Amino acid sequence: MKEFKIAVLPGDGIGPEIVKQAVKVMDAVSEKFDIKLKYEYGLIGGAAIDECGVPFPEETKELILSSDAVLLGAVGGPKWDNLPFEIRPERALLGMRKLLNAFANLRPAKLYDELIDASTLKPEVIKGVDIMVIRELTSGIYFGIPKGIFVDGEERVGINTMRYYEHEVERIARVAFEVARKRRKKVTSVDKANVLEATVLWREVVEKVHEDYQDVELNHMYVDNAAMQIIRWPKQFDVIVTTNMFGDILSDACAMLTGSLGMLPSASIGGKIGLYEPIHGSAPDIAGQNIANPIATINSVGMMFTYSFDMPEVEEAIDTAVRRVLAKGYRTRDIYSEGKKLVSTEEMGDLIAEEIKNL
Ligand SMILES: NC(=O)C1=CN([C@@H]2O[C@H](COP(=O)(O)OP(=O)(O)OC[C@H]3O[C@@H](n4cnc5c(N)ncnc54)[C@H](O)[C@@H]3O)[C@@H](O)[C@H]2O)C=CC1
Ligand SMILES: CC(C)CC(=O)C(=O)O
Ligand SMILES: [Mg+2]
């Protein structure tokens, strides 16, 4: 019997609520596919600050490094926003991604036909949308030095630095071309090479790597245009590869093509141990109300089975279960439309887990 140890880090805000639903789904998967899943819970973010004074405790680092994969809810919230920057919850996230060398963040924005009515965009614009955003995750402006708030003469100056080494661009470009080969064979590299030297280098390296992937079409787009094109005509995109910050922003925009930010899962790969999390944050505005959409987290579990455990059949099963629950008309508040059945976070988790058992 296959056996996997999963580090489960619920985090803050809606994190614990949505992760609980993902665990229900993992329980159902374990039964259905006869796999042994061992969960070990750890503290991260604000929850860790409250308990041990730091956002990313040594114990959590040891836990994730001794696991086969990591499932994260989300971190952060107003309670911790005034802490010194270096010990804020979000630092734990960046630290964990770096520690795991999870440099490739895959964020699939695929619209379920069943949710065409959940979007504010026209059906003809979004029907069939299937974009894979590949965001560089362990470098760029979120990591570059110098960074900080410094005193310069009479006033302060805030500095962040966008920097990319050639090898960092090369490895993410390779991931993008490899993924595109299994899809519709088109990569759009998004940069700001008209004004940012770091992305002039990015564009050059992507071009160079492309020489090894001549069967894949490559085009380049500036990020401002890309933000507009995603909303204007999203079906022009197959794989989007981009920098850490641009990918962060564009993937939230892509989420709305699928109906809600609560729909987009992610896999962060590249190192030995994969990290799986919804793309959204801790949603403090709806935390504790049992109304958050758990599907992004549940589908992140699906990605875990494909990318960490080489069991794509489990991802397919989870995807089918989600689709069937949506087809029966069940909706959390964020994807609700008239005539559908409004359900809570807990109910959505139960429905999807039950559907898996009945597959
Ligand atoms: N990966 C992570 O842990 C991330 C953490 N954050 C942190 O989360 C906190 C809140 O950040 P925001 O900018 O408000 O972004 P957010 O992604 O938490 O929320 C943005 C909006 O989307 C809604 N939303 C998010 N997830 C949802 C879900 N599953 N179901 C239904 N609605 C959902 C929220 O209610 C909110 O209105 C901050 O402290 C931020 O730093 C933000 C993004 C990612
Ligand atoms: C701390 C942030 C970089 C988290 C975020 O917005 C994301 O990863 O999407
Ligand atoms: Mg983000």
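Predicted model: local features only at pLDDT ≥ 70, side-chain atom pairs only at ≥ 80, totals over all residues.
1. On the α8 side you'll find V223, A226, A227, I230 and I231, and they meet F246, L250, A253 and C254 in α9. Sort the residues of this contact by type and you get nine nonpolar, no polar and no charged.

2. Now look at how those helices are arranged. Helix α8 covers residues 223-232 and helix α9 covers residues 244-255; they pack at an angle of about 15°, and their axes are 10 Å apart. Angles under 35 degrees count as roughly parallel, so that is what we call α8 relative to α9. The crossing of α8 past α9 is right-handed.

3. Next, the sheet. It's an open one with 10 strands and mixed pairing, and if you walk across it the order is β2-β1-β3-β12-β11-β4-β5-β10-β8-β9. Which strands stand at the edges? They are β2 (36-41) and β9 (217-222); each has a single partner strand, so one side of each is left without a neighbour in the sheet. From one strand to the next, the twist averages 25°.

4. Strand β8 (residues 186-191) pairs with β9 in the parallel sense, over six bridges.

5. Finally, check which helices lie across the strands. Helix α7 (residues 197-210) lies across β8 and β9, and runs at about 165° to β8. Helix α10 (residues 295-307) lies across β3 (69-74), β11 (267-269) and β12 (274-276), running at about 160° to β12.

Conventions: Residues numbered from 1 in each chain as written. Chains lettered and ligands numbered in written order. Axes fitted to C-alpha atoms, helices over the stretch in contact; angles between N-to-C directions. Helix = DSSP H or I, 4+ residues; strand = E, 2+ residues; numbered from the N terminus. Parallel < 35°, antiparallel > 145°, perpendicular 65-115°, else oblique. Left-handed = near helix turned anticlockwise from the far one by under 90°. Contact = placed C-beta atoms within 7 Å. Nonpolar A, V, L, I, M, F, W, Y, C, P; charged D, E, K, R; others polar. Pairing = 2+ DSSP bridges.
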